[in-house]
Amino acid sequence: MEIEKFYNQIQKFLAPLQEKGLLSLDWEEVKKYEEYLGEYATNKLYINFPNQKVVIEPIGKNIIGAMGRIDMIGKNGNIKFLLVDKEAESPKVTVHFNDGLSKGLEKIRETKNPEYVWKIATPPPNIKFIDLNEDSFSDALLEVIAE
């Protein structure tokens with residue numbers, strides 16, 4: 001479901017270029033296997049330009065620091081899209097202790113139900129999350145196809 005939301009979002013970004021005949025889209029069903037989830041089917045998207053192809057492929061749901069990952073792969077590199085808390089600006093690490101300290105920390109920590117959205121992750125070591133919108137997606141696409 002989250003993968004479909006991602007694809008719907010980027011198809012809107014690509015629609016003007018597709019309507020002008022500057023690119024075409026092809027889909028391929030792929031099987032994935034993840035521990036705890038088992039095997040499932042999803043789709044890989046090919047963005048076809050006249051002189052090259054970009055692949056957008058779901059990588060997994062069981063990702064450290066995120067609720068899912070999709071990669072965009074072109075001849076000049078790879079961009080990672082992560083499904084993260086809408087408010088997140090970078091990865092967060094939480095440490096749990098097996099003693100009374102954890103219970104005290106839980107009371108201090110604000111309880112919330114985060115809303116998850118797809119964001120672009122910058123390369124390590126200082127990973128930052130960039131909101132996914134038409135401009136950031138265009139920049140990412142240009143980064144993997146620029147000649």
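Is Glu143 buried or exposed? Glu143 is exposed, with 52% relative accessible area, which puts it past the over 50% cut-off for that label. Keep in mind for every view here that this is a predicted model.

View A. As for where Glu143 sits, look in helix 3, which covers residues 134–145.

View B. To get your bearings, pick out Val30, whose bridge partner in strand 2 is Thr42. Three residues lie between the two strands of the hairpin.

**View C. Tyr36 in the loop between strand 1 and strand 2.** Zoom in on the turn of the hairpin and check the backbone. Tyr36 has a positive phi, near 80 degrees, and it isn't a glycine. Most residues other than glycine have a negative phi. Is Tyr36 buried or exposed? Tyr36 counts as exposed, because its relative accessibility is 77% and the cut-off is over 50%.

**View D. A cis peptide bond between Pro124 and Pro125.** Here omega is about 15 degrees. Most peptide bonds are trans. To find the spot, follow the chain into the loop between strand 6 (116–121) and strand 7 (129–131), where Pro125 is located.

Technical notes:
Residues numbered from 1 in each chain as written. Predicted model: local features only at pLDDT ≥ 70, side-chain atom pairs only at ≥ 80, totals over all residues. Heavy atoms only, no water. Helix = DSSP H or I, 4+ residues; strand = E, 2+ residues; numbered from the N terminus. Buried < 20%, exposed > 50% of the residue type's maximum accessible area, 1.4 Å probe, protein only. Pairing = 2+ DSSP bridges.
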